[in-house]
Amino acid sequence: MGNVYVLDHPLIQHKLTYIRKTETGTKEFRELVDEVAGLMAYEITRDLPLEPVEIDTPVTKTTSHVISGKKIGIVPILRAGLGMVEGVLRHVPTAKVGHVGLYRDPETLKPHEYYFKMPTDINERELIVVDPMLATGGSANDAISSLKKRGATNIKLMCLIAAPEGVEAVKELHPDVDIYLAALDEKLNEKGYIVPGLGDAGDRLYGTK
């Protein structure tokens, strides 16, 4: 059964405050999202297995530890998820990166996948799906379903902020997926925006409207 983790580290919460602020400009917003994603990477990789290795220090031989070859994949949901990739890669530079792009038909409300490119061995990797916001849960659920359809079995979801409605939607459809958040917000409003939220993450990352 998947769990929900809210990462309340002071550095994460401090930076998240500035991400939320209306007056934070595109450059600073982009840098802060990158930094918070990097800080969250520490927690989401906490359970990576280690193996002992013998090394020489300048003083003597000793046994130390390295990550035991577990394969990681980072999967941003286009386009806002791209803003979180480099922050994670900075700490896990050997990870492979896949991309999934989805849009929802405004009339039927059914998801349409317009882009999907993954490493060939996703069934062997621990995949971290990244998207700054988990609102209704629709995009996250569709992306996770797309990955499972191609053979992925080990998936985590990492978002900056989430609404309770989105968390419940993912837990219902994908109960095996752990969810990592910097904050669990109050609710969705009538327009589907997270409250208090941070506005539209994609627009704020890339300076669009």
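Me: What covers the buried residues of helix H5?
Reply: Helices are DSSP runs of H or I with at least four residues, strands are E runs of at least two, and both are numbered from the N terminus. Buried means under 20% relative accessible area, with over 50% exposed and partly exposed in between (1.4 Å probe, protein chains only); contact means heavy atoms within 4.5 Å. The cover of the buried residues of H5 includes strand E1 (4–6), strand E9 (133–134), helix H4 (138–149), strand E10 (154–162) and strand E11 (178–184).

Me: What kind of model is this?
Reply: Residues are numbered from 1 along each chain as its sequence is written, and side-chain values use heavy atoms, with hydrogens and water left out. Local features need pLDDT of at least 70 and side-chain atom pairs count only at pLDDT 80 or more, while totals for chains, interfaces and linings use all residues, since this is a predicted model.

Me: Where on H5 do its buried residues lie?
Reply: In H5 (residues 164–173), Gly 166, Val 167 and Val 170 are buried. Taking directions from the helix axis to the C-beta atoms, these residues fall within an arc of 100 degrees, so they line one face of the helix.

Me: Which residues of H3 are buried?
Reply: H3 (residues 82–89) is mostly covered, with six of its eight residues buried. They pack against helix H2 (26–44), strand E4 (72–76), strand E5 (96–97), strand E8 (126–130), E10 and helix H6 (201–206). The buried ones are Gly 83, Met 84, Val 85, Gly 87, Val 88 and Leu 89.

Me: How do H1 and H2 run, roughly parallel or roughly antiparallel?
Reply: Using axes fitted to C-alpha atoms over the stretch in contact, with angles from 0 to 180 degrees between N-to-C directions, H1 and H2 pack at about 155 degrees, 9 Å apart. Angles under 35 degrees count as roughly parallel, over 145 as roughly antiparallel, 65 to 115 as roughly perpendicular and the rest as oblique. That makes H1, relative to H2, roughly antiparallel.

Me: What is the relative accessible area of Asp 34?
Reply: Asp 34 lies in H2 and touches Gly 83, Glu 86, Gly 87 and Arg 90, not counting residues up to four places away in sequence. Asp 34 is buried, with a relative accessible area of 14%.
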